[in-house]
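Me: I have a new structure open and would like to learn how to read it. Could you walk me through its features, one by one?

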Protein chains: 2
Amino acid sequence: MSEDIRAGEIAVTLPDTFDAGIYFIGRIRTPWTRREDCPKNARGSDAVCTIELEQRYAAALEGVATCTHLVLLYFMDRARRDLVVQAPRRSARQGTFALRSPVRPNPIAISVVRLVGVAGTTLSVVGLDCLDGTPLVDIKPYFASVDAVPDAVVGWSKAERAER
Amino acid sequence: MSEDIRAGEIAVTLPDTFDAGIYFIGRIRTPWTRREDCPKNARGSDAVCTIELEQRYAAALEGVATCTHLVLLYFMDRARRDLVVQAPRRSARQGTFALRSPVRPNPIAISVVRLVGVAGTTLSVVGLDCLDGTPLVDIKPYFASVDAVPDAVVGWSKAERAER
């Protein structure tokens, strides 16, 4: 990787070989073609984005239109994968697994999106913040019963955790 | 794949090559060694399960202990990948992307778990339903602000959707 490391960041040597392979099953179309134009997070934009699923998987959409929300998995293929500690510009130094940064050993992002419509192999959704052309990896129904934890917290102190 | 297809199920021919590779970054330890023993869903058990992260990624856990909940991504490496329509025993025939079944083109499962504790590279969590030994792919902080949609629905009719 040619990118520089910022002060405080730590890179590791990754394994020589991958353990499994994934297929790109489609592409995500968004209004954003440069990283700096992407919303800061997925709730930062009401833009309707488009999922173009490969025709091969068309039948797999049966029933998807009955979901109000979906979980999308996609591959952040421009991100380096070797940083275990990162120093984001806007926040404190953190371990990679405490961040949603695309920089991680497996740069698979997840986003919860609102489904606007399904037409053939094209899905219209709201709630994405990724670059135009991002490869799609999976579509899942969002089940509030297991996926929604409204009182979850990030940034607790040990004392706060103990009190809960 | 040797498994039979049930009536109504549809298999497709997958691409000849993968588009990207992933690393297994650790293993998930659960009480369940056979599929039929796994809970029906992640909220079906209060069992404390264990994540054994590879030592290589130890530093990436910095800050994770401040999260009450995490999203875990893991690889369902025993699942076939070519079914686009499935006929689960307990429910109606559905497209793969309307199901959370491990059977999908990219068998990457996600689970929202409650973090019980972190000790070195071992995490104790509640909320898993996978087999013992399942390969871990990623750990992410769960942000209620973008990940929690308590009123999401699966199984809506078109009329219900229009009314909303």
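Reply: Happy to. Let's begin with burial: a residue is buried under 20% relative accessible area, exposed over 50% and partly exposed in between, with a 1.4 Å probe and protein chains only. Lys140(B), for instance, counts as buried because its relative accessibility is 2%. Please keep in mind that this is a predicted model, in which local features need pLDDT of at least 70 and side-chain atom pairs pLDDT 80 or more, while totals for chains, interfaces and linings use all residues. Residues are numbered from 1 along each chain as its sequence is written, chains are lettered from A and ligands numbered from 1 in the order written, and side-chain values use heavy atoms, without hydrogens and water.

Me: Which side chain does Lys140(B) meet in a salt bridge?

Reply: In general, side chains of opposite charge can pair when their charged atoms come close. The rule for a salt bridge asks for a side-chain nitrogen of Lys or Arg within 4 Å of a carboxyl oxygen of Asp or Glu. Lys140(B) meets Asp138(B) at 2.8 Å, N to O, and Asp138(B) counts as buried because its relative accessibility is 0%. Over all chains the structure holds 20 salt bridges.

Me: Where do the two ends of the pair Arg104(B) and Asp138(A) lie?

Reply: This pair crosses between chains: Arg104(B) is in the loop between β7 and β8 of chain B, and Asp138(A) is in strand β10 (residues 134-141) of chain A. Strands here are DSSP runs of E with at least two residues, helices are runs of H or I with at least four, and both are numbered from the N terminus. The N to O distance of the pair is 2.8 Å. Arg104(B) is buried, at 1% relative accessible area, and Asp138(A) is buried at 0%.

Me: Which residues have the most contacts inside the largest nonpolar core?

Reply: In soluble globular proteins, nonpolar side chains tend to be buried together. A nonpolar core is a set of buried Ala, Val, Leu, Ile, Met, Phe, Trp, Tyr and Cys residues joined through side-chain atoms within 4.5 Å. The largest one has 36 residues, and those with the most contacts inside it include Phe97(A), Leu72(B) and Leu123(B). A second, separate core has 32 residues, among them Ile25(A) and Val113(A). Leaving aside neighbours within four places in sequence, Leu123(B) is in contact with residues including Ile51(B), Leu61(B) and Ile139(B).

Me: What does the secondary structure of chain A come to?

Reply: Chain A has two helices and ten strands. From the N terminus on, its elements run β-β-β-β-β-β-β-β-β-β-α-α. Buried residues make up 52% of the 164 residues in chain A.

Notes: Contact means heavy atoms within 4.5 Å.
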